[in-house]
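Here is a short note to read beside the model.

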Amino acid sequence: MLENIFGKDNNPFGNTSIPDDKIKSFLNKLKYAAKKVGVAVTRKALQGFFLLLEIMRSPEVPVADKILVVGVLLYIFKKGDLINDALGIFGLVDDTAFAALEYKRLKKIVTPEMIRNANSKAEKQLFDWGMA
């Protein structure tokens with residue numbers, strides 16, 4: 001699945017500590033929740049997720065900012081949460097809140113190209129899920 005989104009040799013997680021299976025697990029949780037919340041909310045969640053990944057891949061983003069992004073991503077992918085993910089869409093509230101706070105902090109360094117790339121990947125994922 002990740003090769004479909006990023007290309008075979010362009011996986012942004014190749015040099016991070018977040019395993020592919022954790023990313024797939026998060027996307028699967030989001031896909032399950034997407035059926036309940038609809039396309040509009042799912043689109044925004046995917047755009048935010050892929051924008052965080054674009055930030056991580058950018059050579060213009062300072063290392064300190066990337067470390068904070070990694071912290072947010074690790075929180076999202078870890079097993080224990082403030083709100084248990086087993087609660088369905090309600091379990092994603094804390095994950096989404098942390099991602100939104102990080103985006104707000106970093107929005108000064110987000111480029112239009114990053115946004116275009118994230119939106120394109122989100123649309124591809126929606127298409128792959130049969131939601132676009």
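1. In which helix does K121 lie? K121 belongs to α6. Helices here are DSSP runs of H or I, at least four residues, numbered from the N terminus. The model is predicted: local features need pLDDT of at least 70, side-chain atom pairs count only at pLDDT 80 or more, and totals for chains, interfaces and linings use all residues. Residues are numbered from 1 along each chain as its sequence is written, and side-chain values use heavy atoms, leaving out hydrogens and water.

2. K121 is buried, at 13% relative accessible area. Buried means under 20% (1.4 Å probe, protein chains only). The K121 side chain makes a polar contact with that of E54, at 2.4 Å. Such a contact is a pair of N or O atoms within 3.5 Å, one able to donate a hydrogen and the other to accept it; residues adjacent in sequence count only if both atoms are side-chain atoms.

3. E54 is among the buried residues of α3, including L46, F49, F50 and I55. L46 touches L27, L30, A122, Q125, L126 and W129, not counting residues up to four places away in sequence. Contact means heavy atoms within 4.5 Å.

4. How do α2 and α3 run relative to each other, parallel or antiparallel? Their axes, lines fitted to C-alpha atoms over the stretch in contact, are 8 Å apart. The angle between N-to-C directions, on a scale from 0 to 180 degrees, is about 160°. The pair is therefore roughly antiparallel, a label for angles over 145 degrees. Across this packing, I23, F26, L27, L30, A34 and V37 of α2 meet V39, V41, T42, A45, L46 and F49 of α3.

Key:
Buried < 20%, exposed > 50% of the residue type's maximum accessible area, 1.4 Å probe, protein only. Helix = DSSP H or I, 4+ residues; strand = E, 2+ residues; numbered from the N terminus. Parallel < 35°, antiparallel > 145°, perpendicular 65-115°, else oblique.
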